[in-house]
Amino acid sequence: MTDEKRNLLQELEHSEKILIGIGEEWKKDRVPEIVQIYEKLSQMIKGKDYFIVTTVTDGEIYRSSLDALKIVAPCGNETWRQCSQSCTKDIWEPGEIPDDICPHCGAPLTGNTIAAKDYIEEGYLPQWQAYTRWLGGTLNHKLLILELGVGFGTPTVIRWPFEKTVSLNKKAKMYRIHEKFYQLSQEIGDKAVSIPTDSVEYVKNL
């Protein structure tokens, strides 16, 4: 095991709180066995006080043993359905509308994600509030931030806020793991580790 991996595992063991960001490297269409990798991650943080922010919209993370109450998906979840014409703020769970047709206007339903014509954000907002409350309680605690496979598709959701968090918390340490977008800003360079490798493979082999 490399010193870098050994250090990360030690950080995991001794941290008080863990913030995890999950990005496009963790999509199911890229990694068919992704639920197994989520299970590996779940075991790594078992018993810890954590929160996960994901920009992946395939909903696979919810099929794992990770606590859904500790996950927020601000870009949506394609297994949840909304009216493709946004005639209503209603959001339906998988299978709730068997014919996948909006009962209000007759338009087809579509995934409740940022890819929708008009994204109904109400679906994720309660969890976002839970996340911001949790994040507010991390200040002055030993915080480990794991940014896994997050690129620049929606940098305002994870990349930039995570950089701000690590710069504000004197006890924070961040690991940015990505095959292409592993670079660190100068402001956080001494409090972060850049790992230029595929984040899924990295977690799989820890």
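Reader: What radius of gyration does the chain have, against that of a compact globule?
Author: This is a predicted model. With 206 residues, a compact globule would come out near 17 Å. The value for the chain agrees with that: 18 Å.

Reader: What box do the C-alpha atoms fill?
Author: The box is taken along the principal axes. Its rough dimensions are 60 × 35 × 30 Å.

Reader: How many helices and strands are in the chain, and in what order do the elements run?
Author: The chain has five helices and eight strands. Read from the N terminus, the order is α-β-α-β-β-β-β-α-β-α-β-β-α.

Reader: What share of the residues is buried?
Author: Buried here means under 20% relative accessible area. Of the 206 residues in the chain, the buried share is 49%.

Reader: Which residues of helix 4 are buried, and why do they lie on the same side?
Author: Helix 4 spans residues 159-168. Its buried residues are Arg159, Phe162, Glu163, Thr165 and Val166. They lie on the same side of helix 4 because they cover an arc of only 160° around the axis. An α-helix has 3.6 residues a turn, so residues three or four places apart point the same way.

Reader: Which exposed residues does the face turned away from the buried side of helix 4 carry?
Author: Exposed means over 50% relative accessible area. On that face, the exposed residues are Lys164 and Leu168.

Reader: What covers the buried residues of helix 4?
Author: The cover includes helix 3 (125-136). Strands also take part. Among them are strand 1 (17-22), strand 2 (49-54), strand 6 (143-148) and strand 7 (172-177).

Note on methods
Residues numbered from 1 in each chain as written. Predicted model: local features only at pLDDT ≥ 70, side-chain atom pairs only at ≥ 80, totals over all residues. Heavy atoms only, no water. Helix = DSSP H or I, 4+ residues; strand = E, 2+ residues; numbered from the N terminus. Rg over C-alpha atoms; globule rule 2.2 N^0.38 Å. Buried < 20%, exposed > 50% of the residue type's maximum accessible area, 1.4 Å probe, protein only. Arc of directions from axis to C-beta. Contact = heavy atoms within 4.5 Å.
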